Amino acid sequence: MNAREFQRRAKPWVLPLAMLCGLLFHPWLEAVAWVVPYLIFTMLTITFCRVRPRQFELSTMLWIMLAIQLAGSAVVFLVLRPFSLDVAQAIFICVLCPTATAAPVVTGMLGGSVPRVAAYSVLCNLAVALLAPLLFVWVGEGAAAMSFADEFKSVALQVAPLIVLPLALAFGLYFFAPKVHSAIGSVQGVSFYLWAVSLVVVVGRAVAFILAEPAAAIPEMIVIALGAGVVCVLQFAAGRRIGRRYGDAVSGAQGLGQKNTVLAIWMALTYLNPIASIGPAAYIVWQNSINSAQLYFKMKHTRAD
């Protein structure tokens, strides 16, 4: 077996291994938590360099997916808020969270349109960057004890640059250093492994938080984990159904269902009740179980052909 074949066979197991490492080494991962925003910035830059401005086609399919993502996050919060603010925040962030930076990589492995998913990643990340400050103030319900204006400004100054600057950098490189832009865009596989490294850190932080919670919080955490599983399956299914209408079921499913859980956990721990981070932490398990299964069956089908 050569190196390329080994890498291809190992990829479906990289994400479960990353989660296992986060679980096993969680006591020591808080010390390196500061690196997560930098990993997110790097992953977004690599992903955005995959899209050339002429490929940035805002098709009807992408707008429908964005509407479901934004409206769906508000709807689940309003439905769940009367029962539990913590559960509502946790499921809200699982729906609002933009497409994973590694989604174009997985989409390509599954035979979908990489440019289409990358374009949707740009679109939904921009939408979240613009709306997150307002939405976090709304769903946080003044948890930070700030005025609306101060809290809005605080969130905007941290979230917007993290998402907008990689896009500005990618497009700037395209126009002023096209060879560099092309070189970065050609190493999308690096984004996959950076995602795996960041998963180790954020899963470790989430595990440490969960273990520190009192036993009385266990039922609520179970509800959050199950709720994350439900919305995960629904988003993959809705994305696949929308994508099938436009001849690209894989891109629809990955664009809407595969989330940047690293960003979601960071935002939940930073702006919401920390217990809300259990939602995207559980979503990691659900979406990577789906992705691993898809990659396995795709590999099996390819070998059969």
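Tutor: A crossing of two helices is called left-handed if the near helix is turned anticlockwise from the far one by less than a right angle, and right-handed if it is turned clockwise. Please keep in mind that this model is predicted.

Student: Which hand does the crossing of α6 and α7 have?

Tutor: The crossing of α6 and α7 is right-handed.

Student: At what angle do the two helices pack, and how far apart are their axes?

Tutor: Helix α6, residues 103-110, packs against helix α7, residues 114-140, at an angle of about 160°. Their axes are 9 Å apart. Because angles over 145 degrees count as roughly antiparallel, α6 is roughly antiparallel to α7.

Student: Which residues make the contact?

Tutor: Helix α6 contributes A103, P104, T107 and G108, while V114, V117 and A118 come from α7. By class, this contact of α6 with α7 has 5 nonpolar and 2 polar residues, and no charged ones.

Student: Changing topic, how much space lies in the second largest pocket?

Tutor: The second largest pocket holds about 230 Å³ of space.

Student: And which helices each supply at least two residues of its lining?

Tutor: They are α1 (3-24), α10 (188-212) and α14 (278-304). Helix α14 gives the most to this lining, with 5 residues.

Student: Which residues line the second largest pocket?

Tutor: Among them are M19, L23, V203, V207, I210, A225, I278 and V285.

Terms used
Residues are numbered from 1 along each chain as its sequence is written. This is a predicted model: local features need pLDDT of at least 70, side-chain atom pairs count only at pLDDT 80 or more; totals for chains, interfaces and linings use all residues. Side-chain values use heavy atoms; hydrogens and water are left out. On a 1 Å grid over the protein atoms alone, a cavity is a set of points where a 1.4 Å probe fits but cannot get out, and a pocket is an open set with protein on both sides within 12 Å along at least five of seven lines; lining residues have an atom within 4 Å of a point. Grid points are joined across faces, edges and corners, and a volume is the space filled by probe spheres set on the points. Helices (H or I, at least four residues) and strands (E, at least two) are DSSP runs, numbered from the N terminus. Axes are lines fitted to C-alpha atoms, for helices over the stretch in contact, and angles run from 0 to 180 degrees between N-to-C directions. Angles under 35 degrees count as roughly parallel, over 145 as roughly antiparallel, 65 to 115 as roughly perpendicular and the rest as oblique. Contact means heavy atoms within 4.5 Å. Ala, Val, Leu, Ile, Met, Phe, Trp, Tyr, Cys and Pro count as nonpolar, Asp, Glu, Lys and Arg as charged, and the others, Gly among them, as polar.
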